[in-house]
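Please examine the sequence and the three-dimensional structure displayed below.

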Amino acid sequence: MKKINNSVIALALFIGIAQANAQEKRTLTLDEAVQLGIQNSKNLKIDAAKIEEATADLLEAKNRQLPELKVSGSYMYLPLKPNINIKLPGVSGDGGPEVHQVAYGSANLSVPIYSGGRIKYGIESAKYLVEASKLSTENDKVAIAYNVAQAYNNLFKANQSIKVLEENLSASQKRDETFLKMENNGLIARNDRLKANLQTSNIELQLLEAKNNYNIANINMDLLLGIPETTEIEVDENYIEEGEDIKTVDYYINTARENRKDLQALDKQRQAAALGTKSAKAENLPSIAFTGGYVAADIPKFLTIYNAVNVGVGISYNLSNLWKENSSLKQSRAREMQLSATNELLNDNIKLDVNREYQNTDYSKKRIAVFEKSAEQANENYRITKNKYDNGLATMTELLDADAAQIAANVGVINAKADAALAYRKLLQTTGTLTTK
């Protein structure tokens, strides 16, 4: 009795643990999955930090056009009597008052008037770099949208394979039961019944593999979306019907040139580099600023100064520019050349990407028709072979081969449709028009 009670307790604990660890099911459309992936993307969090950094650089550039106001003050105690020799006419230079402390303060104001354009170019360049950072983020969003679609597609294909294999396994198991009765009644040979059992075992192995693939795809999807790994995602299969009639390849190339965010970001970087070159040239020009100041000092028993206000214009010029080469200018021009070459390379890559994905999309759509035709043929072949077998005109091997071909053809149709939907999304990604909303 004690053993029974212990078994009951253990079973209850096992059921409780199993329920606690049960996967939460969550149905997500592809668009919802994309939004979740973008919302929780760690790459986009890094991009957000880069935008903040670029914005801070812009603020620093703007601050350079604002007035500089510096205030300083000091107090000093003199423990020893200093030797003061005043050489003013009519004033004795020997002895003098005893000075033991000195206090003074000053305020200096500088307002930039002319800097050769360095401040203006710096602000405009920083603005372009902020825009480039934002465009790079948008480009990353498009890439994330496709990565999520790819993972979603893998999960769908794995799930559909499971459904097809489960249906065929159920039919195969029922057939095994029928064949076993037929063998017991002496209607078929034992060898034929064993062949059917072997076919069932093969389907079971395929089902195990499909479930393993599904579990891996599900965990990958969970991590990509930033949700708990125990979440079982149920996909909406309607997405495989998405897609439009394919337009000409020139249409997609022109669309890519207009919408690719990485191309637009590179253009902003080139504009910033051009301003950097202008700023580097301005280093050879003088700087002019309005200056003002105030000085106050107090030396007890000796000197007091206040209301010592000064205003003026300051000019600075680095004479070493006359014999030193402007390295900043050379660096900026090299940067412009590098970005120009990068722009040409990116345009070539865009043409290649669009053409490749255009061909892949067209190929994927054509594959659907071929697989559907193959499935019709396989299904009809199985029906005919089954009738022949029932009438003793076909062997068990022929029947099982027809069944296996039927399974493969039906799974192929599903996979072909899913691949076509994904290929179309890849084409949209290469044109920069894959929706992220």
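Predicted model: local features only at pLDDT ≥ 70, side-chain atom pairs only at ≥ 80, totals over all residues.

Residues are numbered from 1 along each chain as its sequence is written, and side-chain values use heavy atoms, with hydrogens and water left out.

Helices (H or I, at least four residues) and strands (E, at least two) are DSSP runs, numbered from the N terminus. Two packed helices are described by the angle between their axes and the distance between the axes. Here axes are lines fitted to C-alpha atoms, for helices over the stretch in contact, and angles run from 0 to 180 degrees between N-to-C directions. Angles under 35 degrees count as roughly parallel, over 145 as roughly antiparallel, 65 to 115 as roughly perpendicular and the rest as oblique.

Helix H7 (residues 261–281) and helix H8 (residues 327–390) have axes that come within 9 Å and cross at roughly 165°. H7 and H8 are therefore roughly antiparallel to each other. The crossing of H7 past H8 is left-handed, a term that applies if the near helix is turned anticlockwise from the far one by less than a right angle, whereas clockwise is right-handed. The contact of H7 with H8 involves nine nonpolar, nine polar and six charged residues. In this division Ala, Val, Leu, Ile, Met, Phe, Trp, Tyr, Cys and Pro count as nonpolar, Asp, Glu, Lys and Arg as charged, and the others, Gly among them, as polar.

H8 also packs against H9, at an angle of about 160° and with the axes 7 Å apart. H8 is therefore roughly antiparallel to H9. H8 passes H9 in a left-handed crossing, and their contact has 19 nonpolar, 12 polar and 11 charged residues.

A further pair is formed by H4 and H7, which pack at an angle of about 165° with their axes 8 Å apart. This angle makes H4 roughly antiparallel to H7, and the crossing of H4 and H7 is left-handed. Among the residues that meet here are Tyr 121, Leu 129 and Leu 135 in H4, and Ala 265, Ala 272 and Leu 275 in H7. By class, the contact of H4 with H7 has eight nonpolar, seven polar and eight charged residues.

Attention now turns to the interior. In soluble globular proteins, nonpolar side chains tend to be buried together. A nonpolar core is a set of buried Ala, Val, Leu, Ile, Met, Phe, Trp, Tyr and Cys residues joined through side-chain atoms within 4.5 Å. Buried means under 20% relative accessible area, exposed over 50%, and partly exposed in between (1.4 Å probe, protein chains only). The largest nonpolar core has 55 residues, and those with the most contacts inside it are Met 221, Leu 225 and Tyr 239. The elements that give two or more residues to this core include helix H2 (30–39), helix H4 (118–184), helix H5 (190–225), strand S4 (231–235) and helix H9 (396–431). H4 supplies the largest share of this core, 15 residues.

Contact (heavy atoms within 4.5 Å) links several residues in this region. Leaving aside neighbours within four places in sequence, Met 221 is in contact with Ala 33, Val 148, Ala 151, Tyr 152, Leu 155 and Ile 233. Tyr 152 is found in helix H4 and, at 0% relative accessibility, counts as buried. Ile 233 belongs to strand S4 and is buried at 1% relative accessibility. Ile 233 and Leu 155 are 78 residues apart in sequence but 8.5 Å apart in space, C-alpha to C-alpha.

In H2, the buried residues include Leu 30, Ala 33 and Val 34. What covers the buried residues of H2 includes strand S1 (24–28), helix H3 (42–63), H4, H5 and H9.

Two other residues complete the reading. Arg 175, in helix H4, counts as buried at 9% relative accessibility. Asn 307 lies in strand S6 (residues 303–316) and is exposed, with a relative accessible area of 55%. Most residues other than glycine have a negative phi. Asn 307, although not a glycine, has a positive phi of about 60°.
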